Amino acid sequence: MSTIDIELHSVSKKFGANRIVKNVNLSIPKGKFVSILGPSGCGKTTTLNMIAGFESPTSGEIRIRGRDQNGVPPEARKIGLVFQNYALFPHMTVAENVGFGLKMQGRSRQEIAAGTKRALKSVRLEGFENRYPKELSGGQQQRVAVARAIAPSPSVLLLDEPLSNLDLKLREAMRVELKEIQQDLGMTFVYVTHDQEEAMAMSDRIIVMQGGVVAQEGAPADIYGRPRTSFVADFIGKSNILPISDVGDAETGNGSLRVLLEAAGVPIMAAPMPGLGPDKARFCCIRPEAVRLADAAGALDEPANLLTGTIQKVVNLGAYLEAWLLVDGGITLKSMIRSTRLDKLVVGRRVELAIAHAAVQLLEE
Amino acid sequence: MNRLLAILFKISLAAILAFITLPLLVVIAASVSPTPAVTFRPSDWTLGWYAALWDSRWLDPFLLSVKLAATVSVASGVLGALGAYSVAYAKCPGHTAIMSFLLSPMSVPQIVKGVAIVLFLSSAGLFNLLGTPGLVVAHIVLTLPFVVRMAATAMFNFDKRLDRAARILGAGPAQRIRYVLLPLIRSGLFSGMTFAFILSFNNIPISVFLVKPGQTTLPITVINHLEYSLDPVLAAVNVASLLFILGAILLFEKIGGFSAQFHGGSK
Ligand SMILES: Nc1ncnc2c1ncn2[C@@H]1O[C@H](COP(=O)(O)OP(=O)(O)OP(=O)(O)O)[C@@H](O)[C@H]1O
Ligand SMILES: [Mg+2]
């Protein structure tokens, strides 16, 4: 296990009577790309501001590189921050903006020039040194903001929704670039976003926040494949979330559990959930791509639930078809099916569906 | 309809400009008049009245006014910047009340301010402050609200995220003021200071209560001269001070850059 750059120990923050961040525990490993993901207002910026030192926790402890940060002002924390709106100094050129941190460290003129050049090179913005921020496009300003933050070589860079002001194409391109910059520099990135795709695409670890608490933490594939709550399942990707009752014990050799889909009264088999007792499970989550047509082409070579249903609606998304299927008993499942199966998906037709046991995830709440 | 409005707008603009410039033209013409009576003949003009200004009778008051205006502008600039900082930037407790208080002298007529200051100085027994020290204080009272006003507007518009950005880059309080806040409010502060300079340089209603014989400001000297005669030397004084003020504005503009190429806030 690599060393830890940032730790939060039961950190809470109150504004007046409102508890905005509640008892958050985090440890952010050195050199990793960690995203804090959550809906608007869940306390992401507040958490970041506490790490940066702009807000102090009402209770709890924040450690950076092992040292308690209580009473340490932002200017002494030696971390970088990229603001959502960039906050570039409008009266300074690109080079002056990027060199500002080095200048504050009291570096020599040559060191500042060299550091500025290096930072601008890593964000691929050479040749813009003498422009003013307002003479740059949004994407270029964004790069300057990143260059300015990395120029003093902080060990940790915090980024607060740095791509949210850019259009979709640029955002996707910048995702790749930011990830490359992070890997090249080996810097720890703490990346705040409410865009789950962004978090999935870039992160080594994702911390999902909801209403001031950490709802789940883990690798992107884990969070997507094994969401713990219906909030996480719903927030990360698309999913069918169905209330269940009557969770039975493992009945089959592979450890699958038998549960009753409450609305339909249909029993299905679900994957066992480590750390989640059968009595705690309230919902199950089925990703749309796990709902398949149970014919030769869609056959699964693993234990699967077989259901019958009627096709209600089909939307062609190009590579995929999105279909709504009314399962006998009265529940609707959304499914994603490859477009090559278009001929099978006729509205009103009855179809057999296959859902792997392992694809049915039990959720806590 | 729009066209009619546009024409009306142009006519009124021309009228305003004429209203401002025509008297100036008359004064300029009078200042080169060949006879003591103010006349104007294009064929026959002289710069003799300007030559007459090179005399301690006019030079001393001019120098006093310049020193006064410069001192007042710098003092009001420093005090105004500090006041605006705590009121509009740091938002100290009671900042709205303090702001109104700082601006309140604006609504007191200048004559009243002049009388009040003289009464205060004499009832407090501070007779030796009458004259130049009193002038400095009185002119600061006069000009401070304008400087506070303009500096406060600039600080109010200052994007505080820039302060945070500087902070996380390692800038301490003094460095943030020097490298980020001051450059961004400089134009507002300097326009306030320019205004203070002009107000002080031209002031009559307050100065008239405080000047001492032998230590009069230029506008008061002009008024005194007017009691004896209305001759072209007054026109020459006016044109000369006008040129001086213009020069001063250009200088302030050069240092302060009111029309700098950037604007506050980051977009
Ligand atoms: N200084 C403050 N005083 C009072 N309430 C605040 C303050 N700052 C934030 N809040 C409240 O705290 C909650 C969380 O705010 P925060 O900015 O951390 O959300 P966020 O997760 O960053 O949201 P977004 O994605 O919209 O940026 C919000 O309800 C907000 O109104
Ligand atoms: Mg936020």
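This short talk walks through the sheet and a helix of chain A.

Hi everyone! Before we start, please keep in mind that this is a predicted model.

Let's begin with the sheet. Chain A has an open sheet of four strands, and their order is β2-β1-β4-β5, with antiparallel pairing. Which strands stand at the edges? They are β2, residues 18-29, and β5, and each has a single partner strand, so one side of each is left without a neighbour in the sheet. As a reminder, strands of a sheet pair through backbone hydrogen bonds, either parallel or antiparallel.

Now let's go across, pair by pair. Starting from β2 of chain A, we find eight bridges between this strand and β1 of chain A, again antiparallel. If you want a spot to look at, A:Leu8 is opposite A:Leu26, which belongs to β2.

Next, β1 of chain A, residues 4-15, is joined to β4 of chain A, residues 59-64, by five bridges, and these two strands run antiparallel. Here A:Glu7 has A:Arg63 in β4 as its bridge partner.

β5 of chain A covers residues 67-68 and pairs with β4 in the antiparallel sense, over two bridges. In this pair, A:Ile64 is opposite A:Arg67 of β5. How many residues lie between the strands of this hairpin? There are two, and A:Arg65 takes a positive phi near 50° in the hairpin.

Finally, the helix. Helix α1 of chain A, residues 44-52, lies across β1, β2 and β4 of that chain. Relative to β1, helix α1 runs at about 120°.

Key: Residues numbered from 1 in each chain as written. Chains lettered and ligands numbered in written order. Predicted model: local features only at pLDDT ≥ 70, side-chain atom pairs only at ≥ 80, totals over all residues. Heavy atoms only, no water. Pairing = 2+ DSSP bridges. Contact = heavy atoms within 4.5 Å. Axes fitted to C-alpha atoms, helices over the stretch in contact; angles between N-to-C directions.
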